[in-house]
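Colleague: I would like to go through a model with you, one feature at a time. Please give the general idea before each case.

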Amino acid sequence: MTWNSSNGNSGAYWLEAGPARVEIDPGAGGRIAALEIAGLSVLVPRTEDRLRWGCYPMAPWAGRLRDGRFRFADRNYEVPRTMPPHAIHGTTLDRGWASH
């Protein structure tokens with residue numbers, strides 16, 4: 001297995017094992033930006049639409065929270081509405097991550 005950052009994308013890293021290669025881009029929310037198996041790309045390539053390319057962590061929740069609100073243990077919570085009027089796929093999908 002190898003890990004390097006020589007792919008040309010600023011701050012992105014490649015992890016390789018056997019016929020598989022994965023590009024992780026910390027600057028794009030820690031997303032898996034590319035996945036290749038035996039030379040075949042299996043993810044949608046980068047686009048302007050932050051929801052429609054690669055594979056990103058949906059944290060701290062996955063899916064949609066209607067109106068950006070939920071109730072848990074008798075308490076009401078409100079989260080940022082990332083796709084108004086709802087909150088969708090957490091708050092990390094487009095926040096840069098630091099790699100050390």
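Colleague: In which strand is confidence lowest, and in which is it highest?

Modeller: This is a predicted model, where local features need pLDDT of at least 70, side-chain atom pairs count only at pLDDT 80 or more, and totals for chains, interfaces and linings use all residues. Residues are numbered from 1 along each chain as its sequence is written, and side-chain values use heavy atoms, with hydrogens and water left out. pLDDT is the predictor's confidence in each residue, from 0 to 100. Confidence is lowest in strand β1 (residues 2-4), with a mean of 58, and highest in strand β8 (residues 75-78), at 97. For the protein the mean is 87, and 88% of residues reach 70 or more.

Colleague: How should a low value be read?

Modeller: Where pLDDT is low, the predicted coordinates should not be read in detail.

Colleague: How many helices and strands does the protein have?

Modeller: Helices (H or I, at least four residues) and strands (E, at least two) are DSSP runs, numbered from the N terminus. The protein has nine strands and zero helices, so its pattern along the sequence is β-β-β-β-β-β-β-β-β.

Colleague: Is His89 buried or exposed?

Modeller: Buried means under 20% relative accessible area, exposed means over 50%, and partly exposed is in between (1.4 Å probe, protein chains only). His89 has a relative accessible area of 16%, so this residue is buried. Its place is the segment after β9 (87-88). Buried residues make up 27% of the 100 residues in the protein.

Colleague: Which residues does His89 touch?

Modeller: A contact means heavy atoms within 4.5 Å. Leaving out residues up to four places away in sequence, His89 touches Leu51, Tyr56, Met58, Ala59, Trp61, Ala62 and Gly63.

Colleague: How many aromatic pairs does the structure hold?

Modeller: Rings of Phe, Tyr and Trp (its six-membered ring) pair if their centres lie within 6.5 Å; planes under 30 degrees apart count as stacked, over 60 as edge-to-face, and the rest as tilted. The structure holds one such pair. It joins Phe70 and Tyr77, with ring centres 5.1 Å apart and planes at 15°, so the pair is stacked. Phe70 is partly exposed at 35% relative accessible area, and Tyr77 is partly exposed at 29%.

Colleague: Which ring does the charged end of Arg21 sit over?

Modeller: A charge sits over a ring if NZ of Lys or CZ of Arg is within 6 Å of the ring centre and within 35 degrees of the ring normal. The charged end of Arg21 sits over the ring of Trp14, 3.9 Å from its centre. Arg31 lies over the face of Trp53, 4.2 Å from the ring centre.
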